[in-house]
Amino acid sequence: MCIRNKPPDWGFVLLFILTAPLRTLKIISILLILESKMKKKTLAELKKILWILCKKIIRKLYPPICYTCGKTGLQKWNWQTGHGKPKGALPLKFQYDLRNLRPQCMTCNIHLGGCTDIFLAKLEKEKEGKQFLKESCVKIDGRWEIKREEPMGSIDAWIFVNNLIEEYTEILNK
């Protein structure tokens, strides 16, 4: 056990395991599991961190102008980060894709449901926006429908979100 942040003496550990009663080993294994869980954040916690990073990056990349209505001077509660395609409907690999995020005023983002038609029409005109739509959606009868994909397993999702946090942290630090 690495309780004091130093490597264990594996000879002692092996001797202890061979001679300790079963009940003691169960307690130790429970403690090791708890120790490892305390160090790792849950997927939900990681997603919250990732969303905060997304908002910071969008504020860094774009001026305080609503992408859909053009309102200027966005600040504080009125400077929101909107999605062209709704985050909840997208597979995880596209939910935090910066190509789908832009600044929006609260009216457009919350009260008018994101003004999706205007948002997507503008995204289609941008190189990165069009690329995002082609990767995440398929166009059917003039509408962008989200492609259905198998969801990631929990471990893959945890790794994916962790990697995205590292990537986005680097973007912010540039």
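Biologist: Starting with α6, which residues are exposed on its other side?

Modeller: Asp117 and Lys125 are exposed there. Keep in mind that this is a predicted model.

Biologist: And which residues of α6 are buried?

Modeller: Phe119, Leu120 and Leu123 are buried in that helix, which covers residues 116-125. Looking down the axis of α6, you find these buried residues within an arc of 90 degrees, so they line one face of the helix.

Biologist: Why would residues a few places apart point the same way in an α-helix?

Modeller: An α-helix has 3.6 residues a turn, so residues three or four places apart point the same way.

Biologist: What covers the buried residues of α6?

Modeller: The cover includes strands β1 and β2, along with helix α7 (127-136).

Biologist: Let me step back. How many helices and strands does the chain have?

Modeller: There are eight helices and four strands. In sequence order the pattern is α-α-α-β-α-β-α-α-α-β-β-α.

Biologist: How much of the chain is buried?

Modeller: Of the 174 residues, 33% are buried. The chain exposes about 11800 Å², and carbon and sulfur atoms supply 61% of that area.

Biologist: What share of the contacts comes from residues 24 or more positions apart?

Modeller: They account for 65% of the contacts with a separation of 6 or more.

Biologist: Now the largest nonpolar core. Which members touch the most others?

Modeller: Leu50, Cys54, Tyr96, Leu98 and Tyr168 do, out of 16 residues in that core. Helices α3 (43-61) and α8 (154-173) each supply at least two residues of this core. The most come from α3, which gives seven.

Biologist: What does Leu50 contact, leaving aside neighbours within four places in sequence?

Modeller: Tyr96, Val161, Leu164, Ile165 and Tyr168. There is also a second, separate core of 11 residues, and among its members are Leu90, Leu120, Phe132 and Cys137.

Biologist: Back to α3. How far does α3 reach from its first C-alpha to its last?

Modeller: It has 19 residues and spans 26 Å, close to the 27 Å expected at 1.5 Å a residue.

Biologist: Which residues of α3 are buried?

Modeller: Leu46, Leu50, Trp51, Leu53, Cys54, Ile57 and Ile58.

Biologist: How about Ser136, buried or exposed?

Modeller: Ser136 is buried as well, with a relative accessible area of 1%. This serine belongs to helix α7.

Biologist: What does Ser136 contact, again leaving aside neighbours within four places?

Modeller: Leu90, Phe94, Glu145, Ile146 and Lys147. The C-alpha atoms of Ser136 and Pro91 are 8.3 Å apart, although 45 residues separate the two along the chain.

Biologist: Ile146 is in β4, I think. Where do the side chains of that strand point?

Modeller: They alternate along residues 143-146.

Biologist: In what sense do β3 and β4 pair?

Modeller: They are antiparallel, with four bridges between β4 and β3 (residues 137-140). Lys139 stands opposite Trp144. The hairpin has two residues between the strands, and Asp141 there takes a positive phi near 50 degrees.

Biologist: What is the phi of Lys76, and of Cys115?

Modeller: Lys76 has a positive phi of about 50 degrees, though it is not a glycine. Cys115 is not a glycine either, and its phi is positive too, near 45 degrees.

Biologist: Where are those two found?

Modeller: Lys76 is in the loop between α3 and β1, and Cys115 is in the loop between α5 (106-111) and α6. Lys76 counts as exposed at 72% relative accessibility, while Cys115 counts as buried at 14%.

Note on methods:
Residues numbered from 1 in each chain as written. Predicted model: local features only at pLDDT ≥ 70, side-chain atom pairs only at ≥ 80, totals over all residues. Heavy atoms only, no water. Buried < 20%, exposed > 50% of the residue type's maximum accessible area, 1.4 Å probe, protein only. Pairing = 2+ DSSP bridges. Core = buried A, V, L, I, M, F, W, Y, C linked by side-chain atoms within 4.5 Å. Contact = heavy atoms within 4.5 Å. Expected span 1.5 Å × (residues − 1). Areas by Shrake-Rupley, 256 points an atom, 1.4 Å probe, with all protein chains shown as cover. Arc of directions from axis to C-beta.
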